[in-house]
Amino acid sequence: MNDLISSNNVVDGDISIAMMRGTFFTLLTAALASTAVASPTVPRQASNYVGYLVSTFSDANPRIQFHLSDGNSASSFKFLNKGQPVLASTVGTKAVRDIFLTTNSARSEWYLLATDLDVTASGFSWDKATRQGSRGIVVWKSSNLVDWSQSSLRTVEKDTAGMVWAPSAVWDDETSQYYLFWASRHYSSSDTNHTGTATLDKIRYATTKDFATFSEPRDYLAPANTPLIDQEFQYLGTPGSFARFFKNETNSKVYQEITSDGLFGTWTQLGPVTSASGLEGPASFADNVRPGVYHLLLDDYTQYIPFETSDIKSASWEKSSTSGFPTGLKHGSVTPLTQKEYDALAAAYPA
């Protein structure tokens, strides 16, 4: 079957977000159309990554910001570009949130994806944002993480959708396309002004080869009676094994589930990552140095709080040291870097 890669966790062309081969694929084909399955073979931590890049934004400055780790530290970062954003949107609301950096298995093309939303705009309200928000995502493209295209606003949802939030992507190596995920809610087709009652928030997906044209959007995770946003996956090192994180909008907690059956297999909920509420925007990544250690950043609406675990299958997360951890980081993504990528970013955007 196809090999899929989580764009922010590629390991030398192997799999970091993937779907397991199996008989369930045959049974799901009709319902899930072109959904692919993959078989990861090399744990992510068997890599030569030398550091991490956090792609993010801040409420005060809703533009693309880069933070580069101090060497291979997962807790100490420096704000690149002398503390200034590296990219600003010129489309849609001209403000971005929920940043996600994605690439292919060759790491030859890079896309920055973002929610098109300005919470500082005159007359802004969250109710209006969910009814009349953007149905597209803001996209930038690069071949080297340094030279970026102009921003583009790409529509991904039907006109029944009230908004598109928190895009993330998965690369399918065999078919040379990405699986794009986001959160949305929908209104009746007769409710063209979106003044009535919507569906609950749910996770949707589509495929794309270039983040310019997209397949028909479909539901990915839409449980009854539970509104969900901000989904992220974490590959656990063996074929078909993953953790999945998402925010439950009912109680504002981030939950973790695990599976050994691939992304479209059976998932077991382990409960909330922490008993605290008021958290969102999970960003998960494996430690480059310590095998079996994983990190999770949770946005408390003001900034990220870092957690880590050496037993991710039991969801036993502990708060990490914040010594050297930047303040003000918001819902974004963390990308492991090769030496060439690390050096290019440090040179192009000095701290």
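**Close-up 1. Packing of helix α3 against strands.** The buried residues of α3 pack against β2 (51–56), β3 (65–69), β4 (77–79), β6 (110–116) and β21 (333–337), where contact means heavy atoms within 4.5 Å. This is a predicted model, in which local features need pLDDT of at least 70 and side-chain atom pairs count only at pLDDT 80 or more, while totals for chains, interfaces and linings use all residues. Residues are numbered from 1 along each chain as its sequence is written, and side-chain values use heavy atoms, with hydrogens and water left out. Helices (H or I, at least four residues) and strands (E, at least two) are DSSP runs, numbered from the N terminus. Within helix α3 (residues 339–348), the residues E341, Y342 and L345 are buried. Seen down the axis of α3, its buried residues fall within an arc of 100 degrees, so they line one face of the helix; the arc is that of the directions from the helix axis to the C-beta atoms. K340 and A347 are exposed and are carried on the face of α3 turned away from its buried side. Buried means under 20% relative accessible area and exposed over 50%, with partly exposed in between (1.4 Å probe, protein chains only).

**Close-up 2. The open sheet β17-β18-β19-β20.** Four strands form this open sheet in the order given, and their pairing is antiparallel; two strands pair if DSSP finds at least two bridges between them. β17 (280–286) and β20 (318–319) stand at the edges with a single partner strand each, so one side of each is left without a neighbour in the sheet. Strand β18 (residues 294–299) runs antiparallel to strand β19 (residues 304–309) and is joined to it by six bridges; L296 has F307 as its bridge partner in β19.

Close-up 3. The whole structure holds 20 aromatic pairs, counted when the ring centres of Phe, Tyr and Trp (its six-membered ring) lie within 6.5 Å, with planes under 30 degrees apart taken as stacked, over 60 as edge-to-face and the rest as tilted. Y52 and F285 form an edge-to-face pair, 5.2 Å centre to centre with 65 degrees between the planes. Y52 lies in strand β2 and F285 in strand β17, 233 residues apart, and both residues are buried. F181 and Y220 also form an edge-to-face pair, at 5.2 Å centre to centre and 75 degrees between the planes. Ring pairs link Y179, F181, Y205, Y220, F233 and W267 into a cluster. The charged end of R244 sits over the ring of W267, 3.9 Å from its centre, a term requiring NZ of Lys or CZ of Arg within 6 Å of the ring centre and within 35 degrees of the ring normal.
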